[in-house]
Amino acid sequence: MNISSQVSITVSSLTRPDEIAVCARMMATSEPWITLGRDYEAGIKTLTAPGKEIYLARIENDIVGFTILNMRGAFIGYIQTLCIAPEWRSRGIGSQLIAFAEERIFRESPNVFMCVSSFNHNAQRLYQRLGYEVIGELKDYLVTGHSEILLRKMIASLSDFAKNPHPAEHP
Ligand SMILES: CC(C)(COP(=O)(O)OP(=O)(O)OC[C@H]1O[C@@H](n2cnc3c(N)ncnc32)[C@H](O)[C@@H]1OP(=O)(O)O)[C@@H](O)C(=O)NCCC(=O)NCCS
């Protein structure tokens, strides 16, 4: 990645209906959601489901990307969705948003989980570079013919994290 093309973002929580619409549109018009058959309405459903934390990446006032985190359930610390507006991709914004998500998740749990589609080779390369380990393949999970690959980044076992939730070596 060309470092000189990197840009700085501010991150804030999603709060308004117009922000939901912008994010749903961004998803519905982009891979991998096109291949996964997720349209605008599906995006609205995802973005309004209870129990999620949604963070927006902004440059000045424009929403240039967002991430949806699930901080509940067995796979607590799950990055459910990550999307950067097409015109802003490959400028370090996704990496900054992942760093923000990791910081948020590692305050509560020692694992970050996410899934990436088997056909999304560019995103897989990014996650590998950021230290994510492949845990397994969920065959025919969202759509027939494609897998979801479960990824994990960890800083401690659950029991060590419970004893010391702020290890000095947090990345
Ligand atoms: C994947 C994504 C979130 C990364 O954000 P980004 O701001 O583009 O990423 P960064 O600039 O921090 O890092 C660049 C890397 O992202 C990946 N990337 C770039 N464009 C991409 C695209 N259209 N789709 C998937 N990954 C892409 C590449 O690995 C790239 O590395 P490279 O420069 O060595 O090719 C963003 O490209 C995106 O929203 N893509 C479409 C939706 C998607 O695939 N989301 C992830 C679902 S798991």
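User: How many residues surround the ligand, and which are the closest?

Analyst: The ligand is surrounded by 20 residues, and the closest are R89, G94, S95, N122 and L126. A residue is near a molecule if its C-beta atom, placed from the backbone, lies within 6 Å of it. This is a predicted model: local features need pLDDT of at least 70, side-chain atom pairs count only at pLDDT 80 or more, and totals for chains, interfaces and linings use all residues. Residues are numbered from 1 along each chain as its sequence is written.

User: Which elements supply at least two residues of that shell?

Analyst: β4 (78–84), α3 (93–106) and α4 (121–129) each do. α4 gives the most, with 4 residues. Helices (H or I, at least four residues) and strands (E, at least two) are DSSP runs, numbered from the N terminus.

User: What is the shell like by class?

Analyst: The shell around the ligand has 9 nonpolar, 7 polar and 4 charged residues. Ala, Val, Leu, Ile, Met, Phe, Trp, Tyr, Cys and Pro count as nonpolar, Asp, Glu, Lys and Arg as charged, and the others, Gly among them, as polar.

User: Switching to the sheet. What is the strand order?

Analyst: The order is β1-β2-β3-β4-β5-β7-β6, an open sheet of 7 strands with mixed pairing. Two strands pair if DSSP finds at least two bridges between them. β1 (10–13) and β6 stand at the edges with a single partner strand each, so one side of each has no neighbour in the sheet. From one strand to the next, the twist averages 30°.

User: Which helix packs on it, touching β2, β3 and β4?

Analyst: That is α1 (residues 17–28), and its direction makes about 85° with that of β3. α3 also packs on the sheet, touching β1, β2, β3, β4, β5 (111–117) and β7, and its direction makes about 35° with that of β3. Contact means that the C-beta atoms of two residues, placed from the backbone, lie within 7 Å. Axes are lines fitted to C-alpha atoms, for helices over the stretch in contact, and angles run from 0 to 180 degrees between N-to-C directions.

User: Which residues of α3 are buried?

Analyst: I93, G94, L97, I98, A101, I105 and F106. Their cover includes β2, β3, β4, β5 and α4. Buried means that 20 or more other C-beta atoms lie within 10 Å of a residue's own, exposed means 12 or fewer, and partly exposed is in between, with C-beta atoms placed from the backbone.

User: What about W33, buried or exposed?

Analyst: W33 is buried, because 22 other C-beta atoms lie within 10 Å. W33 is in the loop between α1 and α2 (40–48). Not counting residues up to four places away in sequence, W33 touches M27, A28 and R38.

User: Where is F75, and why does it count as partly exposed?

Analyst: F75 is in the loop between β3 (62–70) and β4. F75 counts as partly exposed because there are 16 C-beta neighbours inside 10 Å. F75 and M114 are 39 residues apart in sequence, with 9.3 Å between their C-alpha atoms.
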